Protein chains: 2
Amino acid sequence: MNKNPQIGIKPATDGATAARGFVAAGVASGLRYEGRRDLGLLLSEVAGGTSALVVTSNVLKSAPLLVTKGAVEGGDVRALVVNSGIANAATGQRGVEDAYRMQALAADTLGVEPGEVAVASTGVIGEQLPMDQVEAGIKEVAASLSGDGSGFAEAILTTDTRPKEAVATVEIGGETVTVGGVAKGSGMIHPNMATMLAFVTTDAAIEKESLQNVLSKATDRTFNRITVDGDTSPNDMVLLMANGAAENELLTQNSPNLPDFAGTVETVMQELAKEIARDGEGATKLVEVVVEGAESEEKAATLARAVAGSNLFKAAVYGEDANWGRVLNAIGYSGASFDPEAVELYFGPVKVFADGEPVEHDAEEANATLAGDEVVVTARLKEGEASATAWGCDLTEEYVRINGSYRT
Amino acid sequence: MNKNPQIGIKPATDGATAARGFVAAGVASGLRYEGRRDLGLLLSEVAGGTSALVVTSNVLKSAPLLVTKGAVEGGDVRALVVNSGIANAATGQRGVEDAYRMQALAADTLGVEPGEVAVASTGVIGEQLPMDQVEAGIKEVAASLSGDGSGFAEAILTTDTRPKEAVATVEIGGETVTVGGVAKGSGMIHPNMATMLAFVTTDAAIEKESLQNVLSKATDRTFNRITVDGDTSPNDMVLLMANGAAENELLTQNSPNLPDFAGTVETVMQELAKEIARDGEGATKLVEVVVEGAESEEKAATLARAVAGSNLFKAAVYGEDANWGRVLNAIGYSGASFDPEAVELYFGPVKVFADGEPVEHDAEEANATLAGDEVVVTARLKEGEASATAWGCDLTEEYVRINGSYRT
């Protein structure tokens with residue numbers, strides 16, 4: 001990712017509203033348990049911006065996702081209404097109607113066109129939304145919009161243990177551009193989905209096609225590189241709204257400043273992605289798997305993801321056991337081809353495998369690299385210059401308890 | 001699979017030696033803890049048979065696997081020497097030399113050519129074999145060969161909780177042909193592999209190319225349809241030896257009896273595959289996922305495997321929670337395309353989802369289908385006649401304990 005020192009990461013608060021012109025709020029509409037915020041609204045008070053969207057690769061797509069896809073493809077959105085508690089997925093025709101109704105209600109209350117409003121939901125699937133509560137909630141949340149993004153960040157959570165926000169700034173042609181974001185990670189509710197939602201806002205002025213390219217590439221390098229348990233859900237969505245309030249010269253595909261802006265978006269999304277991995281269900285450690293020296297970034301990513309997603313490796317990390325065999329095994333079955341004799345493996349700085357054989361090392365020292373709450377494992381090939389990082393978490397008994405026995 | 005009533009499944013004992021002409025034995029050579037059988041030998045006393053092999057898809061391939069591949073491709077094997085405790089994987093050039101030495105020692109003791117001997121290993125990777133012990137063990141085991149296959153079945157196990165054997169017979173042109181097999185499933189030893197080994201023997205007379213076709217197809221439908229944790233290892237191997245002792249008319253690709261023989265091999269291998277899934281680490285239930293009505297068997301298998309391999313689904317099975325959302329989700333991200341509106345889901349006989357929406361049902365009744373030690377979940381599409389079954393097990397806290405904290 002972009003290491004440009006111009007990109008300044010700010011303390012991660014008000015992720016949704018850090019960029020100029022954005023206001024947000026979150027209220028408790030009664031979709032979840034008493035007092036829990038479950039309905040959020042996010043608005044750019046500045047019109048005429050652009051928007052971009054990446055949605056789940058799951059064959060199943062939830063009703064709100066279809067509505068949002070239509071809005072971003074048919075024009076641009078400057079507002080978002082989102083609820084937690086009920087996913088509005090596997091809800092048939094009525095679900096689609098309700099998602100359009102949420103869009104219309106939010107548009108009406110905000111005084112914008114329905115096509116300018118994105119809709120997102122997360123929570124239980126197969127249950128219909130209680131639209132009376134949703135309608136009352138939208139009116140209430142619209143009345144409390146402000147520059148304080150904390151209520152919105154809470155309203156999108158399900159079983160996440162904490163809100164996830166990130167903010168970064170960058171100089172673009174003399175103007176300070178801000179990029180902020182909020183996200184939620186995997187959350188299990190019966191019958192669950194492990195939905196990932198991320199909403200990124202920026203005051204940059206940027207044309208739509210470039211914005212989509214920036215979002216697609218950054219998603220590939222961040223949210224598509226995290227794995228908690230390999231599931232994707234029908235509700236997964238990453239939305240990026242840019243309102244131009246920074247008044248920078250319009251960024252286009254040929255702008256020399258586009259890479260700086262793209263790096264800033266990636267910085268924010270990477271922070272959010274790592275927070276999601278770190279907050280995986282039952283997780284005690286954030287695991288970073290780095291693959292270097294590959295002939296392509298795609299191959300490096302395939303290898304890194306295979307390791308981060310291996311149950312055996314994840315259980316070994318939990319046990320603080322520097323089990324290089326499980327790393328070697330995972331890259332072996334990843335589906336990518338490579339020369340096993342040219343692989344070097346490291347736990348933290350400790351080299352454990354090279355030239356097709358284990359490297360003599362102090363096992364206690366290698367295990368100690370797994371003792372903290374952030375773990376780095378590196379695989380080095382000798383075939384090129386490309387690298388990639390994937391993030392995950394350890395597999396714990398608590399994961400099984402959460403997902404196996406939540407009914408009791 | 002073949003439902004031919006002519007195929008008779010016999011009580012699953014002496015899997016390795018049920019077919020005429022095969023003898024076997026297993027001894028404790030000291031590679032594992034005191035008194036534990038860890039070295040096995042299997043021999044067809046009848047020469048001139050054929051053999052077929054399927055090996056791991058892992059990029060990493062262990063030394064014995066390379067030796068065996070060479071033997072089966074260059075001729076035919078009629079004997080097998082196998083050890084547990086040390087995998088002879090990631091052992092460099094010395095590992096390859098030791099695997100050839102095992103082959104030569106076994107051949108010498110048995111009075112056959114080295115090229116007639118297959119070699120297999122399972123256990124710790126990155127450790128060299130103590131060849132003195134192996135040599136003494138081979139001499140000892142060769143002296144105790146008999147029609148009792150139980151010692152051999154034990155010698156190939158690692159952390160399996162029990163031996164896995166299956167036997168079936170079929171009439172081929174008036175002659176009774178027997179197919180037997182033994183297997184070991186996933187076993188974690190530091191630094192581990194989750195190696196799967198299966199050795200199938202038959203007294204059928206069958207030409208080599210047909211035997212390979214039978215084995216490849218049966219492997220696709222059985223061992224390639226089980227998942228414990230998604231790992232494949234550098235040592236995975238399925239070996240099929242046919243010695244012709246049944247004196248049936250030689251089976252060839254055009255023999256009308258070939259499908260009966262193929263079905264019998266598949267029956268035996270399916271039994272072994274199910275035993276492996278049932279004995280997955282920490283598992284309390286065998287899970288059978290059936291996909292019907294698909295346009296191709298390949299697609300049905302992709303969908304079935306995605307469900308059987310989903311951590312979320314496996315944890316729900318452990319919790320005896322008929323969580324259809326996790327089944328729907330898994331087929332959605334499987335990579336296969338299908339019409340979500342045309343999917344029906346069943347837990348046992350209880351229909352829980354159809355026409356894009358949940359079907360009203362008694363949740364207690366659906367959950368009750370998960371209460372036993374064998375669970376069946378079915379997904380029905382409406383696009384064709386093809387079906388496939390995948391097998392797995394539940395994900396339990398014990399799995400994490402075994403794989404995360406075995407050092408303590």
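# Exercises on a predicted two-chain model

In this predicted model, chain A is superposed on chain B by a rotation of 180° with 0.0 Å of shift along its axis, at an RMSD of 0.0 Å.

**Exercise 1.** State what kind of axis relates the two copies, and find which C-alpha of chain A is nearest to that axis.

*Solution.* Step one: two copies of a chain are related by a rotation about an axis and a shift along it. Step two: here the rotation is 180° and the shift 0.0 Å, so the copies are related as by a two-fold rotation axis. Step three: in chain A, the C-alpha nearest the axis belongs to A:Glu397, 2.4 Å from it.

**Exercise 2.** Describe the side of chain A that touches chain B: how many residues are in contact, and which element gives the most?

*Solution.* Step one: 51 residues of chain A contact 51 residues of chain B. Step two: helix H8 (311–318), helix H9 (324–333), strand S14 (357–358) and helix H11 (397–404) of chain A each supply at least two residues of this side. Step three: H9(A) gives the most, with seven residues. Step four: by class, this side of chain A has 20 nonpolar, 23 polar and eight charged residues. Step five: 100% of the interface residues of chain A are also interface residues in chain B, so the copies meet through the same surface.

**Exercise 3.** Work out the strand order of the open four-stranded sheet in chain A, and explain why S2 and S6 of chain A each have one side without a neighbour in the sheet.

*Solution.* Step one: the order is S2-S3-S5-S6 (chain A), with mixed pairing. Step two: S2 (22–27) and S6 (117–124) of chain A stand at the edges and have a single partner strand each, so one side of each is left without a neighbour in the sheet. Step three: from one strand to the next, the twist averages 10°. Step four: S2(A) runs antiparallel to S3 (residues 39–44) of chain A, and six bridges join them. Across this pair, A:Leu41 in S3(A) stands opposite A:Ala25.

**Exercise 4.** Identify the strands that helices H2 and H3 of chain A lie across.

*Solution.* Step one: H2 (residues 92–110) of chain A lies across S3, S5 (79–86) and S6 of chain A, at about 130° to S6(A). Step two: H3 (residues 131–142) of chain A lies across S2, S3 and S5 of chain A, at about 45° to S3(A).

**Exercise 5.** Locate the domains of chain A and describe their contact.

*Solution.* Step one: the domain assignment gives domain 1 (8–278) and domain 2 (286–404) of chain A. Step two: their C-alpha centres lie 32 Å apart. Step three: the contact takes ten residues from domain 1 of chain A and twelve from domain 2 of chain A.

How values were computed: Residues numbered from 1 in each chain as written. Chains lettered and ligands numbered in written order. Predicted model: local features only at pLDDT ≥ 70, side-chain atom pairs only at ≥ 80, totals over all residues. Least-squares fit on C-alpha atoms with pLDDT ≥ 70 in both. Contact = placed C-beta atoms within 7 Å. Pairing = 2+ DSSP bridges. Axes fitted to C-alpha atoms, helices over the stretch in contact; angles between N-to-C directions. Nonpolar A, V, L, I, M, F, W, Y, C, P; charged D, E, K, R; others polar. Domains from an automatic or database assignment.
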